[in-house]
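Hi everyone, thanks for coming. Let me walk you through a structure that may be new to you; please have a look at it first.

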Amino acid sequence: MIGLVNFAKEPYSVELRDIPVPEIGEEDVLLKVDAVSICGSDLHQYAGKNSWKVNYPVVLGHEFAGSVARLGNRVRGFKEGDRVASETAAVLPPDSAFIRQGLYNLDPKRLGFGYGVNGAMAPFVKVPARCLHHVPAALSLEKASLTEPCCVAYNAVCVNSHVRPGDSVAVIGPGPIGLLCAAMARLSGAGQLIVIGIPADARRLQVARQMGADTTLGEHGEDVAEWVRNFGDGYGVNLLIDAAGVSASLKLALDIVRPAGQITKVGWGPQPLNFSLDQLVQKAATLQGSFSHNWPIWEKVISLLASGKINLDLLPTRIAPLTEWSETFEEMHSGRIVKGVLKP
Ligand SMILES: [Zn+2]
């Protein structure tokens, strides 16, 4: 079969290669991939800018859905032909304390598809059955391939943050995760919903407005802190979701969060910080990290997608055959589309 392989750390070490169909174990399924969505992390690995360890050569892709082609002897609850979406924690230490806690996503020894083990940018992928979720008929497999980033956003906004109806919420960084966080905040009853970007984000900020943001800032180089000082009673916003890929956005978050408010950081940035955290102390604000997702989040997000309560039609998406991976990566990198979905 032909898969998209990231074969070295050097920039642009990605190509289509002829690779064997994976062998499966007793507790795995062989999943026939229908759709695999491109993540910012795939683009980072493509550009050689990943800060995480990659087991080269590896097939890219961790956001995917498809159907069960074959099952291991000990798999229960699924049969051939079932439509499924898959979580990302492909390998877990069997004795993990975090499995017992239901927080296996936080085990530092976990390995994910697309960097630790072969991912889904290929016609078939080997998946442990514990990763699978049934996809209802009302949800297309193309949309189901976007379950994973929706789960990242759900965990950040609906599990790791406190939003009460009417709370003001600001999202920094209108990438796919930031836009989906805005959608989750809307769903959670946010009052004023603000999405903050930079001039290069003009297109994405327009999408944010379509997805329910009341205000978007940064497109014309506005002074965001000044805007927030003139908003409401002037004390700042209740909840800040930092979904930007640079550390410096935390400075802005500290500037505009309301005393006793919360900052949830879901965006990664390898750069060191060079500012004081005194505002965190003085405002008695809560700084919360959020990473990945677990089983109950997947079940809830799939039901929200199937019922249309999360509307992915608003996200500008290109659906293309796997052979057009390079153009699709490029279009997503340039921001012309928010998401690329490949069909192997
Ligand atoms: Zn992802």
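Let's begin with the rings: Tyr12, Tyr46, Trp325 and Phe329 form one aromatic cluster. Before going on, a word on the model: it is predicted, so local features need pLDDT of at least 70 and side-chain atom pairs count only at pLDDT 80 or more, while totals for chains, interfaces and linings use all residues. Residues are numbered from 1 along each chain as its sequence is written, and side-chain values use heavy atoms, with hydrogens and water left out.

How many aromatic pairs does the structure hold? There are 7 aromatic pairs; rings of Phe, Tyr and Trp (its six-membered ring) pair if their centres lie within 6.5 Å, with planes under 30 degrees apart called stacked, over 60 edge-to-face and the rest tilted. One of them joins tyrosine 12 and tyrosine 46, edge-to-face, at 5.1 Å centre to centre and 75° between the planes. That pair links distant parts of the chain, 34 residues apart.

Are these two buried or exposed? Tyrosine 12 is exposed, at 54% relative accessibility, whereas tyrosine 46 is buried at 18%. Buried means under 20% relative accessible area, exposed over 50%, and partly exposed in between (1.4 Å probe, protein chains only).

Finally, the zinc ion: its protein donors are Cys39 (SG), His62 (NE2) and Glu63 (OE), 2.1 to 2.5 Å from it. Donors are N, O and S atoms within 2.8 Å of the metal (3.2 Å for Na, K and Ca); water is not among the atoms, so sites may look incomplete. Histidine 62 and glutamate 63 are both buried.

Conventions:
Helices (H or I, at least four residues) and strands (E, at least two) are DSSP runs, numbered from the N terminus.
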